Structures are given as C-alpha cells and as structure tokens.
Amino acid sequence: KDVSRIPKRSRIQQNQRHLTVDLHIEALRSDYKIIDRSEIIQIQLNECYKTLDKALSSNITKIVIIHGVGQGVLMKAVQNILSSYNLRFYLSQDGGATEVFL
C-alpha cells in the first residue's frame with residue numbers, strides 16, 4: 001500500500017455505529033491533479049463500495065457519503081449503487097451528501 005497517495009486528512013471517519021466517507025477526490029488521492037476524469041469517478045465509486053462492504057460486515061447503522069453538489073454525476077452513481085444493495089438512503093438538505101441507513 002502506497003501511503004504517500006493518501007492525504008493527511010482522513011477520508012473515513014467512524015463514530016461507534018456511524019461512518020462518514022468523503023468521496024471528494026482531494027480527500028482520496030494526493031495526486032488527483034494528474035488523474036483522468038474517468039479514472040477519478042472509478043476511484044470514488046471503488047471507495048464507496050469499500051465503505052459499504054466495511055459497514056455491512058460490522059455493526060454500523062448509518063453511513064454519510066459526502067459526494068458534493070456539482071452536476072450530480074457522482075451522487076447519481078452513488079445512489080444507483082445504494083439501490084442495488086436495496087438500502088434506504090436520503091439526500092442531505094444541502095444536497096452534498098447522502099445518508100444511508102443499514
């Protein structure tokens with residue numbers, strides 16, 4: 001595992017039974033400026049899958065997935081993943097995150 005690629009701020013925060021993951025590429029990779037857009041979305045979605053798998057195999061009851069507002073491409077992709085898992089989720093009031101209840 002190449003730790004030099006992981007930014008200093010944590011991309012996943014866990015508080016007992018709640019988990020928060022920030023899918024902003026700046027939070028996931030320090031070399032984000034040289035990554036192609038199509039690769040960026042794959043990195044973000046892979047992180048979403050990893051977080052879901054971690055939560056589903058533990059006692060986590062809620063996940064907050066921060067995807068940002070933007071054009072909604074990442075939000076829609078995240079919500080499609082959540083639908084495929086048959087999970088209940090709600091868009092945050094500001095539209096920048098999706099809350100998932102397990």
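1. Thr98 sits in strand 5, residues 97-101, where strands are DSSP runs of E with at least two residues, helices are runs of H or I with at least four, and both are numbered from the N terminus. The residue is buried, because its relative accessible area is 0%; buried stands for under 20% relative accessible area, exposed for over 50%, and partly exposed for what lies in between, with a 1.4 Å probe and protein chains only.

2. This is a predicted model, in which local features need pLDDT of at least 70 and side-chain atom pairs count only at pLDDT 80 or more, while totals for chains, interfaces and linings use all residues. Residues are numbered from 1 along each chain as its sequence is written, and side-chain values use heavy atoms, with hydrogens and water left out.

3. The side chain of Thr98 has a polar contact of 2.7 Å with the side chain of His67 and another, at 3.1 Å, with the side chain of Gln79. A polar contact here is a pair of N or O atoms within 3.5 Å; within protein, one must be able to donate a hydrogen and the other to accept it, and residues adjacent in sequence count only if both atoms are side-chain atoms. Leaving aside neighbours within four places in sequence, the residues in contact with Thr98 include Ile63, Ile65, Met75, Leu82 and Phe89, contact being heavy atoms within 4.5 Å.

4. Helix 3 itself (residues 73-84) has twelve residues and reaches 17 Å from its first C-alpha to its last, close to the expected 16 Å, a span taken as 1.5 Å times one less than the number of residues. After helix 3 comes Asn86, with a positive phi near 60°.

5. Strand 5 is antiparallel to strand 3, to which five bridges join it, and antiparallel to strand 4, with four bridges; strands are said to pair if DSSP finds at least two bridges between them. Ile66 has Ala97 of strand 5 as its bridge partner, and Phe89 stands opposite Val100 in strand 5. Strands 4 and 5 form a hairpin with five residues between them, and Gly95 in the turn has a positive phi of about 80°.

6. How much of strand 3 is buried? Four of its five residues are, so strand 3 is largely enclosed by the rest of the structure. Strand 3 also pairs with strand 2 (residues 18-22), in the parallel sense and over five bridges, with Ile65 as the bridge partner of Val21.

7. In the loop between helix 2 and strand 3 lies Asn59, which counts as partly exposed because its relative accessibility is 49%. Not counting residues up to four places away in sequence, Asn59 touches Gln16 and Arg17. Asn59 and Leu102 are 43 residues apart in sequence, and their C-alpha atoms are 9.2 Å apart in space.

8. Helix 2 has 20 residues and reaches 29 Å from its first C-alpha to its last, close to the 28 Å expected. Its buried residues include Ile40, Ile43, Gln44, Leu45 and Cys48. Ile40 counts as buried because its relative accessibility is 17%. Beyond its neighbours within four places in sequence, Ile40 is in contact with Ile25, Tyr32 and Ile35, and its C-alpha is separated by 10.0 Å from that of Leu23, 17 residues apart along the chain.

9. The largest pocket has a volume of about 470 Å³ and is lined by 16 residues, of which Ile40, Ile41, Gln44, Val73 and Leu74 lie nearest its centre. On a 1 Å grid over the protein atoms alone, a pocket is an open set of points, where a 1.4 Å probe fits, with protein on both sides within 12 Å along at least five of seven lines, and lining residues have an atom within 4 Å of a point. Grid points are joined across faces, edges and corners, and a volume is the space filled by probe spheres set on the points. Helix 1 (25-28), helix 2 and helix 3 each supply at least two lining residues, and helix 2 gives the most, with four.
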